[in-house]
Every structure is written in C-alpha cells, then in structure tokens.
Amino acid sequence: MLQLHVLSVCHVLVLVLCLSAAEDFDWTKNHRGSFYYGTFPTGFSWGVGSSAYQTEGAWDKDGKGMSIWDVFTHKKGKVIYNETGDSSCEGYYKVKDDIALLKELKLNHYRFSISWPRIMPTGIKSDHVNEKGIKYYDDLINLLLENKITPIVTLYHWDLPQVLQERYGGWQNLSMINYFNDYANLCFERFGNRVKYWITFNNPWSIAVEGYETGEHAPGMKLRGSGPYKAAHYIIKAHAKVWHTYDNQWRSKQKGMVGISLNGDWGEPVDITSQKDIEAAERYIQFYLGWFATPIFNGDYPQVMKDYIGRKSAQQGLGTSRLPTFSSQEKSYIKGTCDFLGIGHFTTRYITQKNFPASHGPSYFTDRDLAELVDPRWPDPSSEWLYSVPWGFRRLLNFVKTQYGNPMIYVTENGVSEKMTCTELCDDWRMQYFKEYINEMLKAIKDGVNVKGYTAWSLLDKFEWDEGYSERFGLYYVDFRNKNKPRYPKASVQYYKRIISSNGFPSQKEAENWHRKAIETCSSSNQLLAAEQQRTTAANILRLIHDPLTSHMEMVTEIVVPTVCTLCILLSAIFLMFLLRRHN
Ligand code: BGC
C-alpha cells in the first residue's frame, strides 16, 4: 500500500515536471547559428511605426490641450538642448506626404498613436471633445485604408493630458483608470468601424520607471521604489478595463482586437553554467516584460517580484510590500485580457547576480539584485543604450512563447539610431541591423513562435524624448533645420522594401544584390540632401548676419529715440525758463 502511494506520488511528480518542462525556457540552448535563408509565412504583415508626440508637432493647434510632454519639454534642463516636440516633423500637416512614403515601401500596416489631449483637451470626456482633433485622425485612417494600409492604433504613447496630471497626479491616481477607459471608448466609437488593431499602452515599463522612478521622462517624478509600482498597477488595471469595454460593447460589431505593446531587452546570463546568473537574468526579464505580461496572461505579478520586493520592503521596516497586490477578483478580471501581444525590442544585456542591501533605500533598480553588462564588441551606432545583438531577439521571442502560452505576437518596435549630426543617408549599419534582427525573428517563427507582423521603428527621424533630436531612428531622414521638415530616404528604405516584397530572404545572392542597389540609390539622395543643406546653411548664415543688424536697429530705436525725446523736452524746458526769466 505504502509502495503504491509512493509510486503514485512519483507519477504526479513526473507529470508536474513534464508539464512545467513544457513551459520552461531552456537557458542553456542558445544556437547562434548562421544566417537563415527563407521566407515568412504567407500573410505576414510588414509595417513601420511612429507616435503622436514624437512626430505630429502642432502642439497647441486646432484646440489641442496640453500633454505632460508639452509641459515637461518647456521646462529648462529636462531634454538635451532643451528641445521640444512643438513642431517636430510637422506630421500634423503632412499626412499625405507621409502616406506617400508608406506606399513607396509597399507596407501592409502603419502603427501610429492618437494624442489623447488632441481629441479630449483636458482628458475628461464630459469637459469637451475636440472635433478638429477627431477629424485629423479620421482623415489619416481613411487615407491609410484608401491605400490598403492597415492602421494599428496605439491609444497611449505617453502623452497624458496635463490636466489629469495636475488635478490627480497622473498614474499615481486610481481615477486614471476610468478617464482612460472613457477616452478609449470614444476612440472605439469614432474610429472602431475602421480600426481593427488597438494597442492600449505603449511600453508601460518606460511610463512607470522613467516617468515615476528616475524622472527622466514626463511627468518627471522621482518616487523611488514605490511610484513605478503604483503607476504600473493602475496601468495594468486600466488596460484590462479597456479590453473588457471592447469585449462587451464593441467586439461583436467591430470584430477587432485589443492588445498591449510591451518592451523588453533580452537578459543573457554572464555565465550560463552559473545558476545564480541564470536566476539573475530571469529576474531582469521578469522585472521588465514579466511585470506587465504575467498579470495579463497568468493573472498576477511574477512570483520573483513579489518575493524580492516583499522581502526588501520588510527589511526597510515597511508593514506591507511596495509592490501592490491584486485581489482574487482583480486577478481573474485581468487574466487573459490580450488578443495579441505587441513586442518592442531593441537590445540585449549580460546579467549577473549582485546583492544590494536593503539599507540602500527603496528603488526599482536595487530591488532586482543584479548588474547589467555589455560586450564591448557589440556594435553601437548611436544611442548609448542600444547595442546590436540580434540573437537576443530570438531568445526573447522564445521566452514569450514558453511563458505566456504562445500568444499571437506583433513586433511593434525594432530599429536602430544614428547621431543627429550624421548626414550619411547610406546607412549600412541600419541595413545590417534590420537584416540580422529580422532574420532572428524568422528563426523564432521556425522555432514555433507565433509572430504575425513586424513594425520597423521608425518611419521618420523624430523627437526622441529626453534625448531630443540627438538620435535618428528613421528610415527617412528629416532635415529639422529646414522649417518645411523635408524627408529624404536612407538606403535602408530600399533594403527594407526588398525584404517586404520578397517576404523574407530568398537567397544569399539576392540579399547581397539588395544591399548593393540600396547603396547605389542612396548616393543620389545624399547629393540632394547635401545641396539642400548647403542652401539651408547659406540661409542661416544670412540670417545670422542679418540678425545683429536688426537687433542693432532695435537697440537704436529702443535707446536713441527715448534719449533724443527726453533731451528735446529738457532743452525746451530750459529754453522756456530762460524766456520767462527774461520776460520778468
Ligand atoms: C519608445 C519609442 C522610442 C524608442 C527609442 C521606445 O521605447 O516607445 O517611442 O522612439 O524607445 O528611444
């Protein structure tokens, strides 16, 4: 009997091991194999992306309200060179031009975001709906559809209405959930007959950590070790509420999908044979992507976050964990609220275990007990955080597959930058980056990951948040010094176009040919840009020469005119006194 009992316990154990093995990511299996020639599944969707604040400009036009980014960038010292998105690429006025660029690429989809304060100036529906803002997005959507380009629409790419920040403290306040739901509901009502792919939030990790922990992003708060967890908590609830709103009120009529776009760098253990490093790397990913994905797919925060933040909070003398908790009702309400998962991915880090004593004080970064490292051999064309490590992409996609039940994935951001001062349109490094990253995505699909589409980031060079215009992510170069903000194709336009038309990489010979052709065509664009820049420089020099002249003239009118007047009055007074005396 006892024997039987032991046997059945063993059976259960084996079964549990098998089940969990099916879900486990294999850290030791990292085939970095050679380039894979082949094509993507039929119907794979190719696109490019952008976001409202980064490209639209027209920050105070046609009844738009202010967003936290308008206010943040207008404060000194928040953004490199105090740059703002006030006019940016003037995308608001260039819808037709930009759609022509999308057509040129022969894309299947275009990912853009709606500016909440452009259509609801205070963020509150009952205050006012701005019909001019609605019309702008109506026209954009209609034009896309006329050109057979599917819109993928993000509801929140970081530009919270300033009124909600001032009145309630933004994402530190529970009331954001209902305001966001009202806004999303209006978008479903007004655009949902034509938009079938909705993304609630873009990269909530950045909203939480950079907005409420480091303060590098709007609203610039530094509520270390608590602010980001609270913000994330309300964002997750807001996402779930919007998904349910769509599910209950719109899905049957509109037949669309609602997802979220999560960013995640890959974290690779420094020493793959060290269990501590493997655990540290997994913690890195759980604190990044898992923070949002685990509640949405599995119903609660990752266990490792609960353990680490809970323990540190207790050591810091707090009665409860700095990581908020979901009630069991909330857990089941949140679980499964994702029709597709958007993945934004740019780079990779090596991770090793590192202890931070709780006495360091509360902080998201020290809660994780790890250190991030990079390999100095990794290429890093511009952004100091962005190293090109293509194999990390395949690893991340496989991790998502194993952890969240192989969800439907759309890659919503992937790309690389160069420096602002770089006027080289033959962007070899970007072609290389796209070629290798897209190839790793193809390998991931062969591994069984369910990727349905890819969005190159980004269509244009644009405002890069606290980095201002210092980093250029565009397939198209934008000449920001020229007030018309002309766009010029970089070589990667031609290259990406070929990948799209071949739906992958049919053969080595062809891929090499694409590269050669792209370089050939970009040299003529280079000449065009150089000529245009000479003209702009000449115009700027003229303005500079002219400027001191006008300011001098202003000085003359400001100083000389009043002085002469005063002298005249004085002289007349003296003359009058002299006359009067003589008269007496
Ligand atoms: C953001 C984009 C930004 C990119 C590069 C992403 O996390 O969502 O808006 O352009 O990072 O800085």
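Q: With which side chain does the side chain of Glu-213 make a polar contact?

A: First, some ground rules. This is a predicted model, where local features need pLDDT of at least 70 and side-chain atom pairs count only at pLDDT 80 or more, while totals for chains, interfaces and linings use all residues. Residues are numbered from 1 along each chain as its sequence is written, and side-chain values use heavy atoms, leaving out hydrogens and water. A polar contact is a pair of N or O atoms within 3.5 Å; within protein, one must be able to donate a hydrogen and the other to accept it, and residues adjacent in sequence count only if both atoms are side-chain atoms. Here the partner of Glu-213 is Ser-363, at 3.5 Å.

Q: How many disulfides does a search of the whole structure find?

A: A disulfide is a covalent bond between the sulfur atoms of two cysteines; the cut-off is sulfur atoms within 2.5 Å. The search finds 1: Cys-426 and Cys-522, with sulfur atoms 1.9 Å apart. The link is right-handed, with 110° about the S-S bond, and both cysteines are buried. Cys-187, in contrast, is in no disulfide, and the nearest cysteine sulfur, that of Cys-338, is 18 Å away.

Key:
Buried means under 20% relative accessible area, exposed over 50%, partly exposed in between (1.4 Å probe, protein chains only).
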